[in-house]
Amino acid sequence: MTVTTANLGFPRIGKQRELKFALESYWAGKSSQQDLLATAKSLRAANWKLQQEKGIKNIPSNDFSLYDHVLDLAVSLGVIPAVYGWKSGKVDLDTYFALARGGKVIIPIELASCSCGRDHGNGASGNGVPALEMTKWFDTNYHYMVPEFSVGQTFTLTDNKALNEFNEAKELGIHTRPVLLGPVSFLKLGKSNDANFDLNKTLEALLPVYTEILAQLHAAGADWVQIDEPVLSLDLDARDHESIRTTYEFLAEKLPELKILLANYFGSYGDNLLTAITLPVAGLHLDLVRAPQDLDAAAKIARPDLVLSLGVIDGRNIWRADLRGISERVKSVIAKRGADTVQIAPSCSLLHVPIDLTSEKKLDTEIRQSLAFAVQKLEELAVLGTVLGDKPETAEAALKASDEAIAARKASAKVNNKTVQARVAAITDAQSHRNSPFDTRVKLQADHLKLPLYPTTTIGSFPQTTEVRQARSRFTKGELSAADYQTFLKQETETAIRWQEEIGIDVLVHGEFERNDMVQYFGEQLDGYAFTQSGWVQSYGSRYVRPPVIYGDVSRPVAMTVEWAKFAQSKTDKPMKGMLTGPVTMLQWSFVRDDLPRSEVCLQIALALRDEVTDLEAAGISVIQIDEPALREGLPLRKSDWAAYLEWAVTAFRLSAAGVQDETQIHTHMCYSEFNDIMPAIAALDADVISIETSRSKMELLSAFSEQGYPNEIGPGVYDIHSPRIPDVEEMVDLIEKAAQKLKAQQIWVNPDCGLKTRGWAETKPALVNLVEAARQLRAAA
């Protein structure tokens, strides 16, 4: 008996972040295209060889990307908006990166003055071409580039990347299973600015090109191809189901000998299962971490020869698997179906986890033994393959080690804090409600804060200059004493306060110069959090993050921001905002323990933040901002699951905020979101002021608030901090006047779209001066 081990995808970035450095060197003009491509080739080879050495039978190819796999497919299919100047043939690397990052490409003169709304610069010089839109890949923290489709969209195979990388692996003696994003998912994840765009008509044009890609792969020797259709975890309508059936019936007719593994992940097939399991494909992948119930449902109705790929190793999180428990479950499936129709795999691509735990030299030993990164997950698959094979006794030592690690974690005093557990159990409904309703609080806050109409503020952070970053680095390395570092930070803070006073901002911020990251800064001061040295995960392109690890019960041993807030407030008579990251965002942007419901972990974080909020109030801070940019992105994939999530997410925010007196003003901040989806939940947060990103939409996003009669105060961003441009006073006045058409003037705050950490002072200072002047002009006209 032999059970096949398979992988769905591997991290691209390299153990030492080789891809990041190669990309940034190329973009900076310090290395050649050949240098970049050579690094990419070496990373692919290393990944394939590693997986082969770990005993993986089905090794993926075409899972590598220089920037993003969805962008790769769009480029391979010729889905390139006209403004980028591409006509035909293979797409050059500069055009590829212009799609990803914006930049300079050669644009035909006739396109420079088109009416599509893009900034095309000055014709042939190609100055200022924008990047494609970027958004979250389902409910992960990875971002993909959104393909742009037009009515009558045509497709052409510009270059068969999947074939190229299959052949590259074959030259190394490694037979791979190529991976492609499926046609239906590709179209549904894209966008069109034309209301007449028809997905199904576009699918008819797309399928022949997919067939061409697959036919070339099959001719080169590929017997299996993995086609990912993660939209099967979403709510689909009858037309979507028809599109899926049409797609796979077409491919089966054109390529009857090619075996297709249809892969869905990130959730349950749900009511899409019957459609998926009756398609003419050779295999079906199940995410049994997110949707363990799918196994029994699929096994009952699957035809006997359909290969079931069982996603039993968590591809989204970093905890060791219960290998004995998994093996017992898989054994029962094998007993019913036979080993030749079962594969074991991660739940999804390992793109979403760090590469190798052995790089972590400073992580607490007890915590470390509970973790598994991508390499360790391959090893877990290999153990399962042995347990389920002909000589299971040879894996007994590995099973015992897994058992001991799980038992140790359950019993660990570092994981379990009875005081925290008792406090969560004792939470009452009253704790998540302010003392008085908003219409009472707003009057008390107005009397206390004495702010003008159209009050001005910023979102929290000021530019993290080279000097700030260097000082932090020197302090971390021990080259700068704690006392000298504190003196430097206080000087930066006081300078920022004096400047805000000079230009006339109404509610000040201290600038957050002491903070590294909005989650890491707090996590490092909370019990129950751990941080890695090398646990890098790709967010997009060359942007990598090291998510914190929530390994145990969360509590706040000491105040985290109070001393800095007190210092800042002591330097001014104006209100100073206390700045915190909210509980949902602290949860969403971390690797979260898997032995408790996420809702309970979020409540633990909320209680820790509640302590900080009340301490800030006691220290004389009357305005406290609790940022929740991740509230919307935390929504489950299925709408039927939204209500339960929003209930505990809103409760957690309110629990963190509601311990203060009525006179204390609670702010929150959210980045760009589809606010219509969650307006009742936003209202239920009961923040006194919410600031949001609205400049790019020209205040159109405010319609969601005005249409539902949002009663509290709102700070619609009046300039885009993601761009280096400096908006003038007239532009900001125009935006605020647009906001006043949807809201009452008494509701409106004037602020940037987001924090200013990534901008420079040369851009920030004139933009904020203009912001203050815009508010003054509006007050004068009121």
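The axes of helix 18 (residues 482-503) and helix 20 (residues 562-570) come within 10 Å of each other and cross at roughly 45°. Axes here are lines fitted to C-alpha atoms, for helices over the stretch in contact, with angles running from 0 to 180 degrees between N-to-C directions; helices (H or I, at least four residues) and strands (E, at least two) are DSSP runs, numbered from the N terminus. This is a predicted model, in which local features need pLDDT of at least 70 and side-chain atom pairs count only at pLDDT 80 or more, while totals for chains, interfaces and linings use all residues. Residues are numbered from 1 along each chain as its sequence is written, and side-chain values use heavy atoms, with hydrogens and water left out.

Helix 18 and helix 20 are therefore oblique to each other. The cut-offs are these: angles under 35 degrees count as roughly parallel, over 145 as roughly antiparallel, 65 to 115 as roughly perpendicular and the rest as oblique. Helix 18 passes helix 20 in a right-handed crossing, where right-handed means that the near helix is turned clockwise from the far one by less than a right angle, and left-handed anticlockwise. On the helix 18 side, Gln 486, Leu 489, Lys 490, Thr 493 and Ile 497 meet Trp 564, Phe 567 and Ala 568 of helix 20, contact meaning heavy atoms within 4.5 Å. Sorted by type, the residues of this contact are 5 nonpolar, 2 polar and 1 charged (Ala, Val, Leu, Ile, Met, Phe, Trp, Tyr, Cys and Pro count as nonpolar, Asp, Glu, Lys and Arg as charged, and the others, Gly among them, as polar). Buried residues of helix 20 are Val 562, Trp 564, Ala 565, Phe 567, Ala 568 and Gln 569; buried means under 20% relative accessible area, exposed over 50%, and partly exposed in between (1.4 Å probe, protein chains only). Their cover includes helix 18, helix 19 (520-523) and helix 22 (598-618).

Two other helix pairs can be described in the same terms. Helix 26 (residues 729-740) and helix 27 (residues 761-781) have axes that come within 8 Å and cross at roughly 50°, which makes helix 26 oblique to helix 27. Their crossing is right-handed. Helix 26 brings Val 729, Met 732, Val 733, Ile 736 and Glu 737 to the contact, and helix 27 brings Ala 767, Asn 770, Leu 771, Glu 773, Ala 774, Gln 777 and Leu 778. That contact splits into 8 nonpolar, 2 polar and 2 charged residues. Helix 3 (residues 69-76) packs on helix 4 (residues 93-101) at an angle of about 130°, with the axes 11 Å apart, and the two are therefore oblique to each other. Again, helix 3 passes helix 4 in a right-handed crossing. Leu 71, Asp 72 and Val 75 of helix 3 meet Tyr 96, Leu 99 and Ala 100 of helix 4, a contact with 5 nonpolar residues, no polar ones and 1 charged.

Next come the cores. The largest nonpolar core has 143 residues, and those with the most contacts inside it are Leu 77, Trp 137, Phe 186, Leu 284 and Leu 310. A nonpolar core here is a set of buried Ala, Val, Leu, Ile, Met, Phe, Trp, Tyr and Cys residues joined through side-chain atoms within 4.5 Å. Leaving aside neighbours within four places in sequence, the contacts of Trp 137 include His 69, Tyr 142, Pro 230, Phe 266 and His 352.

Phe 266 itself sits in the loop between strand 7 (259-263) and helix 9 (273-277). Its phi is near 80°, a positive value in a residue other than glycine; most residues other than glycine have a negative phi. Phe 266 is buried, with a relative accessible area of 2%. Asp 139 lies 127 residues from Phe 266 in sequence, yet 7.7 Å away in space, C-alpha to C-alpha. Asp 139 belongs to the loop between strand 3 (134-136) and strand 4 (143-145) and, at 16% relative accessibility, counts as buried. Beyond neighbours within four places in sequence, Asp 139 is in contact with Phe 266, Arg 290, Arg 316, Glu 633, Leu 635 and Leu 637.
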